[in-house]
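Hi everyone, thanks for making time.

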Amino acid sequence: MSSKAIREYDAKLLLAYWLERAPPVSKDATVSKGFVYPSPKVAQISWDPATGAITPDSQLPAWVFTTKLVAKPDQLIKRRGKAGLLALNKTWDEAKLWIQERAGKPVKVEHTTGTLNNFIVEPLLPHPSNTEYYVCINSEREGDNILFTHEGGVDIGDVDAKGLRLHLPALGKFPSRDEIKKTLLVHVPEAKKETLVDFLIRLYSVYVDLHFAYLEINPLVCLDGVNGGAPTIHYLDMAAKLDQTADFLCGPKWAIARDLSVYNPQAASSKGGVVGADRGPPMVWPAPFGRDLTKEEAYIQKLDGSTGASLKLTVLNAEGRVWTMVAGGGASVVYSDAIAAHGFADELANYGEYSGAPTEGQTYEYAKTILDLMTRGKVNPKGKVLIIGGGIANFTNVAATFKGIIRSLKEFKNQLIAHGVRIFVRRGGPNYQEGLKAMRLLGESLGVPIKVYGPETHITDIVPLALGVQKTKPASGANGARIPASMPPTAPHSPTQPTVNIVATDSGVGPVGPGGERTQPNDQIVHFDIAPGSSRPFYRPFDASTRSFVYGLQPRAIQGMLDFDYSCGRDTPSVAAMIYPFGGHHIQKFYWGTKETLLPVYTTVEEAVKKHPDADVIVNFASSRSVYASTIEILSYPQIKSVAIIAEGVPERHTRELLHLANQKGVLMIGPATVGGIKPGCFRIGNSGGMMDNIIASKLYRAGSVGYVSKSGGMSNELNNILSLVTNGTYEGIAIGGDRYPGTTFIDHLLRYEADPECKMLVLLGEVGGVEEYRVIEAVKTGKITKPVVAWAIGTCAKMFATEVQFGHAGSMANSELETADAKNKAMKAAGFIVPDTFEDLPTVLKDTYDALVSRGTIVPKVERDPPVIPMDYKWAQELGMIRKPAAFISTISDERGQELLYAGMRISEVFKEDIGIGGVVSLLWFKRRLPQWATKFIEMVLMLTADHGPAVSGAMNTIVASRAGKDLISSLASGLLTIGSRFGGALDEAASMFSNARDTGLTPREFVDESRKANKLISGIGHKIKSVNNPDLRVELVKEYVRKNFPSHSLLDYALAVEKVTTAKKDTLILNVDGCIAVCFVDLLRDSGAFTSDEANEYIKIGTLNGLFVLGRSIGFIGHHLDQKRLKAPLYRHPADDIFIDMLPVAQPRVLGTMQ
């Protein structure tokens, strides 16, 4: 939702801070120098349900204790005075008692019951009633309105009837001071007019700058000036809404106004020591009164805020028997409507939706939350129903999202069985066959009845089946009543790729073209000759020659558009180029049927339009943050005639400016928050129509006779599907988007369809909220639309909810009776529209209307044609499991593809939870298993012992020289590591091998020494330049002590020490050195820990594992030496010449040892 109510406390803080600071809305919006800015005082008192206490006195400002006060709940409650929720002229002790008596208690206000948990306290302002005024600023599609009356207060009456209104059109000029006075302040005393004009100018400047969507002050008090001073402004009660989607613009401004230290430097920061993104805490979006967020709702809200997908959950009746888990904003409303229409509104437990391609992990968390709520409490003897529904997705991989749901269903298996849950599934879209198949197979093993249906079943046909009620009317265009059949256990696979006959061509060199290019006979790159663009009538912005730009790097969407073009038999691709400001100029390759074509990528719109004068449509995939600026730029080029804005979450003020600018320039603007639209046989916007299997199934590759307009992208696919089943298909379909201010509305497109002779029948799928359907009603009444219109407004269930529920789309909320779905359906039916009794009956009335047009000869069905075969992309076919390919690489130690990184099967969270340390991580990644703690600690000990051995050793010296030569850390480290080998640091593997082989072959320590001497071979791991028997290496002593104390066995160490006795008898420096000690101890670890077989232990010795320990440990030291040299800013090293002996032959020395004869 974009427009969201905020607390009165926060609204007053926003005005307190920004009324004086906000930039003027216009350069002419100036205020008088003598204007006195109001300085309101407000304090918030909250009730903590955990402790049952209210905000302590120590956290309140000082004025609270010295002033007469007004106290009232601050929970979006209307008419608090009439409900007895207002305490006047109280001391703090009295106000505190009044709050304590009500805090945490349920209170009924009109028809809604809720718990009071938030209060606002302000100084009492004594004032005469004739100083009270009323002001309200609200936004609508055409602009903003300021409503003002000279009589404010509790008994204001009908402000719409008696208020004076100043309309501020979008993109219009801001009115002069005189105009404001003459329009709004007619009944205000002359002495106060200038002050009120000043205040209204500043109020509106704040309204615009902070992206308010609604702001009401009643009463607004204007007191006479004191001692000749200017009148003063005070605002008492206030109600406000902000555009939540503008958070990326206004979040810092909202936050700083909520920082209490701004108003009182002695006050503690309201962030409570937590470092936030801005100065001050973020804006709070309270739930409507009577709808306190449950812990689960708050969790889903938090999950929704941290993802680009959409996740919504509202618990309506925790004891209800009917639960839903629906994909898609429009579809979620349709299912709730159907459940309510069958008389089960009181049993509907929840409303919610997931959409926007959530990940498996996100759908798992969403489903788990719902299942947890569903299986709590007492078992209902009637059992429960779970409807996992959804429309036909455009781009979401159904099977992938179902994986998360299936995980959660398995987890709640016992609870589901205990509560007698029956599950009904209906879904369509990319890879839906595999998703439904997985669901059906799950039902066989889960012990819970699961019925599965695909897009051949009308979207809500599963509702009466789930509820156990009979349908009395035909469904899905059938000639008689039909009960949908559940899919078989092994659902059909995704359509298999047909065999492609490849015709062999003669090899050879192709002819040279007139431009000098040469085309080879087997060239796979297709080039197109682009004809100049031809003009099109206003009612037909898209045809088979339409060419477009795609703004943003969207290869998947572009490939879908080109596949659609190819299936339609277009001569040229509909995409001329991409515009991507961040990537630089380049070329991207796409498929055209079985071959390929090239599309250029430009960094600016200017260059793109200059190079492609035939392209007049832009599909703008820019994000909600950048789409405003990019669309402003796009609209500056007269060549562009249509623009589709795909992004969701575009601030309403931005959208409104764009739509009016587009209207001024004669540009057709679709969106934002839309999937786009489709002109079958001609042009497809982005992902409209879904994957190619749905394009083919819904016959969108050729034109039908029915034009439709919908808000929902997912429901557009449903309409495509329904129309292909009960009529000759779609002529054109547009999803205008679910925001409050779509760029074009229902009437804009329906008037085009009315004017287009090829479009014979119109369909309007509206919804609760807004009044755009009434513009269509007026057009039908006045004869502007004469073609038959089949219409339905979804959201009829809204009237049955006890509290306010925000549906999936930002604009789907009724602000008056006129905006309810029931009122719209009734008005459309009265105007002559063909309106079904319920959405479930829509296919029937569509079929009846179409058949009537065919019988009158208005529609003449054409012979069907087969679309050309579109080969499936390799990646998608692989994802569907239709092909297999040998992997180029094999890895068995880690996996980052899932929700959590895995080390040898162990989740990274468990790695830290169990505190396995560096040694444990090495054991997982090197040995693919958990080693006992004594073993992992030994690994860590080795790393510490081998970390460094001073700067003089070859590896450290190389690192230092490279670092002083200006090389980076990686280069310096590599220089040092390259010295590791048999002469430096690489003795561990050789020592392990020599000692192991000697003992394994039965040699005694003395025999081993003698054999080595006879072979003139030094024993690796024996000998030290400095250390000796009498000057032992403390590193060796530490290793021996640890191994003897912790290892279950250390036979090879004992053997090595026996060898040491033999060698030191000859020379006292021939001791077991640290390399040899580590090597033999590690062999003991491999062979005697019980974690390895004998063959595995020997293999790890052979493949260099021990040297790996030295490399890993010594890298620590090498990095240290590099950082040390950089810190010292050491200059380039040059070795002294006197330290190098140079021996060169004299020049006269003959170089040739022989001559050729």
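Let me start with a definition: a residue is buried when its relative accessible area is under 20%, exposed when that is over 50%, and partly exposed in between, using a 1.4 Å probe and protein chains only. Some housekeeping too: this is a predicted model, where local features need pLDDT of at least 70 and side-chain atom pairs count only at pLDDT 80 or more, while totals for chains, interfaces and linings use all residues. Residues are numbered from 1 along each chain as its sequence is written, and side-chain values use heavy atoms, leaving out hydrogens and water.

So, is Trp934 buried or exposed? Trp934 counts as buried, because its relative accessibility is 18%. You'll find Trp934 in helix α27, residues 933-945; helices here are DSSP runs of H or I with at least four residues, strands are runs of E with at least two, and both are numbered from the N terminus. Leaving aside residues up to four places away in sequence, Trp934 touches Tyr1042, Asn1046, Phe1047, Pro1048, Leu1085 and Ser1089, where contact means heavy atoms within 4.5 Å. Take Pro1048: Trp934 and Pro1048 are 114 residues apart in sequence, yet 9.5 Å apart in space, C-alpha to C-alpha.

Zooming out, the chain splits into domain 1 (3-262), domain 2 (298-467), domain 3 (548-856) and domain 4 (931-1128). Those bounds come from an automatic or database domain assignment. Between the C-alpha centres of domain 1 and domain 2 there are 42 Å.

Next, a helix. Which residues of α4 (177-184) are buried? They are Arg177, Ile180, Lys181 and Leu184. These sit on the same side of α4 because they cover an arc of only 100° around the axis, the arc being that of the directions from the helix axis to the C-beta atoms. In general, an α-helix has 3.6 residues a turn, so residues three or four places apart point the same way. What the buried residues of α4 pack against is β10 (143-149), β11 (164-169) and α5 (190-209).

Now the backbone. In the loop between β11 and α4 sits Leu171, which isn't a glycine but has a positive phi, near 65°. Leu171 counts as partly exposed, because its relative accessibility is 42%. Asp915, also not a glycine, has a positive phi of about 50° and lies in the loop between α25 (908-913) and α26 (917-927). With 65% relative accessibility, Asp915 counts as exposed.

There are cis peptide bonds to point out as well. One joins Asn218 and Pro219, with omega about 0°, and Pro219 is in strand β12, residues 212-223. Another runs from Gly671 to Pro672, with omega near 5°; Pro672 belongs to the loop between β27 (668-670) and β28 (676-679).

Last stop, the second largest pocket. How many residues line it? The answer is 34, and Gly1021, Ile1022, Gly1023, His1024 and Asn1073 lie nearest the centre of the pocket. A pocket is an open set of points on a 1 Å grid over the protein atoms alone, where a 1.4 Å probe fits, with protein on both sides within 12 Å along at least five of seven lines; lining residues have an atom within 4 Å of a point. Among the helices, α31 gives the most to this lining, with three residues.
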